[in-house]
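This report describes one protein structure for a reader who is new to the subject. Please keep the sequence and the three-dimensional view at hand while reading.

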Amino acid sequence: MLTLHQFSPVALLRLPLNGLATRGGIAVFPTGMKLPVLISILSTTLLMSCENSKKKPVNPPTRNPVQAPATPAKEETGDVAFQSFISRLRTAVSTHDLPTLASMMPSDFGHRWDAAPEGESPFDYWDKNNLWGELGIVLNSKWTPHDGFMVAPPKMIEDPNYPGYRAGVAMQDGSWKFAYFVPPPPPE
């Protein structure tokens with residue numbers, strides 16, 4: 001009886017195979033079958049003896065959110081955390097989920113250029129001025145870096161006299177925050 005370490009292509013050919021004739025302890029294959037079987041056995045043996053050829057993936061260096069720069073150095077639209085934040089923000093706006101929105105906004109959220117009346121929240125302002133639809137449109141536009149924020153729409157950067165609403169998000173204390181949603185600045 002052969003042990004596991006004694007298996008070799010020649011030893012495998014000497015094993016009695018069910019239904020095949022043997023001559024002198026060596027399996028006799030029908031004409032033309034010996035070479036393909038031998039090639040299969042040899043290739044299997046060679047492949048099994050090779051080291052695993054899978055290369056370990058190189059992990060990109062992780063960004064420490066605490067040390068993130070105040071100004072994004074490049075467009076962050078490919079950043080998974082940014083995309084996730086914008087997706088959650090869009091969902092919260094479309095469903096008017098005020099608790100989720102409030103958790104995504106800093107305490108000094110900008111929603112108007114003048115001083116807000118006592119006790120007015122951004123949500124009150126948006127309700128009073130019917131701005132939820134406009135907010136949804138702005139949040140669904142493209143985002144681009146500008147002055148330490150990711151802003152939408154990009155037209156506001158291209159055109160200093162852009163007449164529409166604009167939104168900005170910024171990295172604060174290691175996480176994204178919805179920093180402002182304001183109309184165009186008042187004329188000076």
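Tyr-125 is found in helix α5; helices here are DSSP runs of H or I with at least four residues, strands are runs of E with at least two, and both are numbered from the N terminus. Tyr-125 is buried, with a relative accessible area of 12%. Buried means under 20% relative accessible area, exposed means over 50%, and partly exposed lies in between, with a 1.4 Å probe and protein chains only.

Which residues does Tyr-125 touch, not counting those up to four places away in sequence? They are His-111, Arg-112, Glu-120, Leu-131 and Pro-183, where a contact means heavy atoms within 4.5 Å. Tyr-125 and Arg-112 are 13 residues apart in sequence, and their C-alpha atoms are 8.7 Å apart in space.

## Basis and confidence of the model

This is a predicted model, in which local features need pLDDT of at least 70 and side-chain atom pairs count only at pLDDT 80 or more, while totals for chains, interfaces and linings use all residues. Residues are numbered from 1 along each chain as its sequence is written, and side-chain values use heavy atoms, with hydrogens and water left out.

The pLDDT is the predictor's confidence in each residue, from 0 to 100. Its mean for the protein is 76, and 61% of the residues reach 70 or more. Over residues 1–6 the pLDDT stays under 50, and the model has four contacts for them beyond four places in sequence. The pLDDT is also below 50 over residues 57–75, a stretch with 15 contacts beyond near neighbours in sequence. Where pLDDT is low, the predicted coordinates should not be read in detail.

## A network of salt bridges

Side chains of opposite charge can pair when their charged atoms come close. A salt bridge is counted when a side-chain nitrogen of Lys or Arg lies within 4 Å of a carboxyl oxygen of Asp or Glu. By this rule there are three salt bridges.

Arg-112 forms a salt bridge with Asp-114, with the closest N and O atoms 2.7 Å apart. Arg-112 also forms a salt bridge with Glu-120, where the corresponding distance is 2.8 Å. Glu-120 in turn forms a salt bridge with Lys-128, with the closest N and O atoms 4.0 Å apart. Through shared partners, Arg-112, Asp-114, Glu-120 and Lys-128 are joined into one network.

Glu-120 is buried, with a relative accessible area of 15%. Asp-114 is partly exposed at 46%, and Lys-128 is exposed at 60%.

## The open sheet

Four strands form an open sheet in the order β3-β4-β5-β6, with antiparallel pairing; two strands pair if DSSP finds at least two bridges between them. β3 (144–146) and β6 stand at the edges with a single partner strand each, so one side of each is left without a neighbour in the sheet. Neighbouring strands are turned by 35 degrees against each other on average, direction ignored. Such axes are lines fitted to C-alpha atoms, for helices over the stretch in contact, and angles run from 0 to 180 degrees between N-to-C directions.

β3 and β4 pair over three bridges, and His-146 stands opposite Phe-149 in β4. These two strands form a hairpin with two residues between them, and Asp-147 in the turn has a positive phi of about 50 degrees. β4 and β5 also pair over three bridges; Ala-152 has Ala-167 in β5 as its bridge partner, and Met-150 has Val-169.

## The nonpolar cores

A nonpolar core is a set of buried Ala, Val, Leu, Ile, Met, Phe, Trp, Tyr and Cys residues joined through side-chain atoms within 4.5 Å. The largest core has 28 residues, and Leu-89, Leu-101, Trp-126, Trp-143, Val-169, Phe-178 and Phe-181 touch the most other members. At least two residues each come from α3 (80–94), α5 (122–128), α6 (132–139), β4 (149–152), β5 (166–172) and β6 (175–182). Helix α3 gives the most, with six residues. A second, separate core of six residues includes Val-151, Met-156, Ala-179 and Val-182.
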